[in-house]
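Let's take a friendly walk through a protein model. Have the sequence and the 3D view open while you read.

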Amino acid sequence: MTPLPPLAAEDRLSDAAILPLVSVAQAALLGLGVFATRSIFEALHGDGIIGVDPFLVLGACGLGAAGLEFLARRRAEALGQSYAASLRLTLYAHIAGMSRATLSERRLGGLSLRFVGDLSAARGWFGQGIPRFLSAAIILPGAALVLFLLDARLAWAGT
């Protein structure tokens, strides 16, 4: 069988590096939003005077996280499409190298459905699965730290 295309090609390296960083930045913004929300609730339960700053921070965090999510989805789709295109060329080369007798034994519809399904799965795996796994490996310890800073009981419950 023809070997799979390499995961780390020149056109995919920048997106593969950017995606976990964008996710970490998004998590940091959401964590900052948690602390702004906590200060709003503390002011509500305390003296009742709430400044504008926590609301501005909360709004900026929400808009920033939404913008980063848009960027992450665009780059993840580009990453997945890039790998699917390389995989498509590899599969075409493999099919072209098969004998006519082997190809005639297979049904064209089944071969086409398998081809499309496998490419879609590979695109999703490489474009979303791997970056999400890397992001989670970085973000989960940070989330535990944020929970610990909010309340140690929350950190133990979250763990």
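First, some ground rules. This is a predicted model, so to speak: local features need pLDDT of at least 70, side-chain atom pairs count only at pLDDT 80 or more, and totals for chains, interfaces and linings use all residues. Residues are numbered from 1 along each chain as its sequence is written, and side-chain values use heavy atoms, with hydrogens and water left out.

**The core**

Start on the inside. A nonpolar core here is a set of buried Ala, Val, Leu, Ile, Met, Phe, Trp, Tyr and Cys residues joined through side-chain atoms within 4.5 Å. Buried means under 20% relative accessible area, exposed means over 50%, and partly exposed is in between (1.4 Å probe, protein chains only). The largest nonpolar core has 13 residues, and Leu19, Tyr83, Leu87, Leu91 and Leu119 touch the most other members. The top giver is α2, with seven residues. Those helix labels come from DSSP runs, numbered from the N terminus: helices are H or I with at least four residues, and strands are E with at least two.

Who does leucine 19 meet? Setting aside neighbours within four places in sequence, leucine 19 is in contact (heavy atoms within 4.5 Å) with Ala72, Arg75, Ala76, Leu79, Gly127, Pro131 and Ser135.

**One aromatic pair**

Searching the whole structure turns up one aromatic pair. Tyrosine 83 and tryptophan 125 sit edge-to-face, 6.2 Å centre to centre and with 65 degrees between the planes. This pair links distant parts of the chain, with tyrosine 83 in helix α2 and tryptophan 125 in helix α4, 42 residues apart. For the cut-offs, rings of Phe, Tyr and Trp (its six-membered ring) pair if their centres lie within 6.5 Å; planes under 30 degrees apart are stacked, over 60 edge-to-face, and the rest tilted.

Is tyrosine 83 buried or exposed? Tyrosine 83 counts as buried because its relative accessibility is 4%. Tryptophan 125, at 42%, counts as partly exposed.

**Salt bridges**

A salt bridge is a side-chain nitrogen of Lys or Arg within 4 Å of a carboxyl oxygen of Asp or Glu. The structure holds five salt bridges, including these:

| Pair | N to O distance |
|---|---|
| glutamate 69 and arginine 73 | 2.7 Å |
| arginine 123 and glutamate 77 | 3.2 Å |
| arginine 153 and aspartate 151 | 2.9 Å |

Glutamate 69 and arginine 73 both lie in helix α2, four residues apart, which is about one turn of the helix. Glutamate 69 is partly exposed at 27%, while arginine 73 is exposed at 52%.

Now for the bridge between arginine 123 and glutamate 77, with closest N and O atoms 3.2 Å apart. This pair links distant parts of the chain: arginine 123 is in helix α4 and glutamate 77 in helix α2, 46 residues apart. Arginine 123 is partly exposed at 27%, and glutamate 77 is partly exposed at 31%.

**A loop residue**

Where is arginine 106? Look in the loop between α3 (100-105) and α4. Arginine 106 is partly exposed, with a relative accessible area of 47%. Its C-alpha atom is 32 Å from that of alanine 78, 28 residues away along the chain.
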